[in-house]
Amino acid sequence: MQSRRWFGGAGFSFADDPVTETLSQAIRGTGEELDREPDTGVLFGSLRGSVVGLRYYTGVVNKGEMVSLVRQPQNPYDRNAVMVANVYGSQVGHIKRELAVLLANIMDNNLARVEGVVPFGVTNQFTMSVVLSFWGREENRDAVVRQITSRSFKLQSGPTGTHTHMLTQLKNAFDNLFENLMEDKIGEREAVEAVCTPLLPHQKQALSWMCVSENNAALPHFWEVKGKLFYNTLTHSSVRERPQRVRGGILADDMGLGKTLTTIALILSNFHHGKPLCEPVISQSVSHTQTDKQTNGQSHTLTSDVKLNVYLYYGSERNRDTHFLSSQHMVLTTYNVLSADYSVSGGWVCGSASPLHTVSWLRVVLDEGHIIRNPNTQQSKAVLKLNTQRRWILTGTPIQNNLRDLWMLVAFLRLKPFDVREWWNRVIQRPVTQGDKTGLQNLQALVKCVTLRRTKTSRVCGRPLVSLPERSVRIEEVELTQKEREEYELAHTEGRTTISRYVAEGTVLRNYADVLAILVRLRQFCCHPGLLGKTTTHTGVVAVTPAELRERLIMKLRLVLGTGSDEECAVCLDSVRLPVITHCAHVYCRPCIAEVIRSEQEQARCPLCRGQIKASELVEFPLEEEEESNLLENWRSSSKVEALMSSLLRLRSEDDSIRSLVVSQFTRFLTILEIPLREEGFKFVRLDGTMSQKRRAQVIQEFQSDAPGSPLIMLLSLKAGGVGINLSAASRVFLMDPAWNPAAEDQCVDRCHRLGQKRDVVITKFIVKGSVEENMVKIQRQKQDLVEKAFGTKNPSERKTSRVDEIRALMEL
DNA sequence: ACCGCCATTGAGA
DNA sequence: GTTGATGGAGGAG
């Protein structure tokens, strides 16, 4: 039995030693409180104070170093005691008594956060200076200032004014946080023979980098060796013992570059002491998502001479025996299982503790790591508590939205000392959000030292990383027939009058659902009239009976998102999940709006129109699929259907080995398309969001198979499936209707334009001439320039106003 | 006698 | 390279 203890001596250990735990917990605790109170703090000012009692403690601090102030209400000598600790959590001393009275008052009443910086280097073994700065909400400023001055301390006002002019510059830099990270000369490394698939050059590089990151003892470059001490240039702190290094990092290669394969190679090639993993049985773990993932035509096969124990920790019958789990080479599980186990056991309770949290792992890999980007979720908390030597995050979509998301990565990797919120907030988060350039540079340095990211277009030594076949986009304009045009124009003018009325009244936002419904209808017209379903022509909000109101709301909800279009929730600014519609006809994620209602109680108002909302009045989307049949019975074609069919027929007559993806946002449109496809004798499969994971995997496998008689066409709903589905068998993509979000289209195309693609990829976008679709394409272009992902701080109302302009452009008003 | 200046000295809560 | 208390030498009134 191997030793279970990986965390050696460093002062800031999270081992189960109760003594060290207390102090780090105290500091962590304050950090988490900060988290609850978001970055609303302004600087009230600062004052000079002194730290006393240095000689009784071991913590060292340098000139410029930040220190943490922790209240000690239980101190037997003074209930106002305020302890001073350095970045590593070692106590430095106490705040001098007279000053501590003041601080205790301010801190205990939550009037301000107090932060300390040591202005001078210290030789004195008894006392030292500390500059205390006070941060808090504007409304508390007076109280704090009064407290301070009434006790005859002098508060110096801090620098005021924010540097907004720098913000755009910073924003760009933030956008590029994950770009251009790797050009450093990293070698290549062959995988051990057990990995049958030969690695591509960039994968060998990644493997080499990962091995080095795990084995090499070198510290990140923000550590400098100064004499016998280790000096952190970001926090200006130094420690005697070599700081605990990150063993692992973030592999953030673009999707399709083979992160999973590289990681498997790593697991097999770099066991203890850089030796390959062979007979000796010690545990490893890969924490994994549920998405079935096949890889790029490179299949992960292992030669049978290696006896690899892999256990799938999943299902109610899973083996929870920790000795058994420790004996596995690899344990796979999902984030859900992990967090379920963790929350049942409460995480730290002995005895019934979560098995996965009890085992000491050699390595934990978070596949699709962006899933745990929000540190407040149970899943994330469970992941943070895993006990392991080496840590990896694999993600194809590096987090760009939010500094909080980045913190999660840093915290998981235990990138000291930033895994403690206070230091992250002080060194990175606050400086960056306040527009401090060095803050951003520090952030960049931080991310850079643990991340490898290449994109499909990255080049190494002047040569492309991977040579993917060409990809070209062509737009095929579709002319409506006379009859279709008449129908379209009728709906268009009607919609236009309605919307222009809203615009004139300035009530676009209040009637947003209506507006979207009109637009969706027009877009549906462009595809096929049958998409409209049984919608009535008018959707006024005037309702007579509650049942009637409900029926109308459901209808709107269906129009807004039941068709698969991409609407975003104004609360979380993400695509809506678990959609509900309010009585004022705005659509949100249920959890988001429920939170709003919960926190505002009776005063709860709709974030979009400020209308009153109640939890009991939220209307959900009912499940019903009856209308399908009548759609199929009286079938008629449409111009767009014809355009697609003639392309497909031509393609088949030229080369019947070429496979195609036919993509639409409207799943009903896919259903419509099935009819002519059958009629022309095409063999096809269908993949949409309603299918179970298992069924999806089946369909994908069928489509990817090159067996004779396998389908030539896949009908794909735009947003179906998680990340990482591989559809490289297809080399033609037909985008049947333009999406609001061009990124969604790109992602879709990437599913076939990826490693393993042998042919050039041709993408055809069908756009109906002289219709909303044309305008949508224009807006897509504008959108790309104006990617507002940077800080994610743009508030919903701001976003929605620009949407009003979008709508006007769409309707040519 | 007074005061600003300097060196000396000691130093949790 | 700090800070604060203290005390003494020394200059000005």
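Author: Helices (H or I, at least four residues) and strands (E, at least two) are DSSP runs, numbered from the N terminus. Glu368 sits between two such runs, in the loop from strand E14 (361-366) to helix H10 (378-384). The model is predicted, so local features need pLDDT of at least 70 and side-chain atom pairs pLDDT 80 or more, while totals for chains, interfaces and linings use all residues. Residues are numbered from 1 along each chain as written, chains are lettered from A and ligands numbered from 1 in written order, and side-chain values use heavy atoms, without hydrogens or water.

Reader: What makes Ser152 buried or exposed?

Author: Its relative accessibility is 65%, therefore Ser152 counts as exposed. Ser152 also has a positive phi, near 55°, in a residue other than glycine. Its place is the loop between helix H3 (141-150) and helix H4 (167-175).

Reader: Which peptide bond is cis, and what is its omega?

Author: The bond from Lys416 to Pro417, with omega near -5°. Pro417 lies in the loop between helix H11 (403-413) and helix H12 (421-433).

Reader: How many helices and strands does chain A have?

Author: Chain A has 24 helices and 27 strands. Of its 813 residues, 53% are buried. Contact means heavy atoms within 4.5 Å. Among contacts with a separation of 6 or more, 73% join residues 24 or more positions apart.

Reader: What makes E2 and E3 a pair?

Author: Two strands pair if DSSP finds at least two bridges between them. Strand E2 (residues 66-71) has four bridges to E3, so the two pair. They run antiparallel. In E3, Val84 is the bridge partner of Leu69.

Reader: How do you know that E3 pairs with E4?

Author: Three bridges join E3 to strand E4 (residues 91-95), again antiparallel. The bridge partner of Ala85 in E4 is Gln91. The hairpin of E3 and E4 has five residues between the strands, and Gly89 takes a positive phi near 85° there.

Reader: What makes E21 and E22 edge strands?

Author: The open sheet has three strands in the order E21-E20-E22, with antiparallel pairing. Strand E21 (587-589) and strand E22 (619-620) each pair on one side only. Strand E20 (residues 579-581) has three bridges to E21.

Reader: Which residues are around DNA strand C?

Author: A residue is near a molecule or strand if one of its heavy atoms lies within 4 Å of it. Arg48, Phe120, Thr123, Asn124, Thr127 and Ser129 are around DNA strand C. Sugar and phosphate supply 41% of the atoms of DNA strand C that come within 4 Å of the protein.

Reader: What makes the Arg48 pair a polar contact?

Author: A polar contact is a pair of N or O atoms within 3.5 Å; within protein, one must be able to donate a hydrogen and the other to accept it, and residues adjacent in sequence count only if both atoms are side-chain atoms. A polar side-chain atom of Arg48 is 2.7 Å from a phosphate oxygen of DNA strand C, so the pair qualifies. An N or O atom in the side chain of Asn124 lies 2.9 Å from a base nitrogen of DNA strand C.

Notes: Buried means under 20% relative accessible area, exposed over 50%, partly exposed in between (1.4 Å probe, protein chains only).
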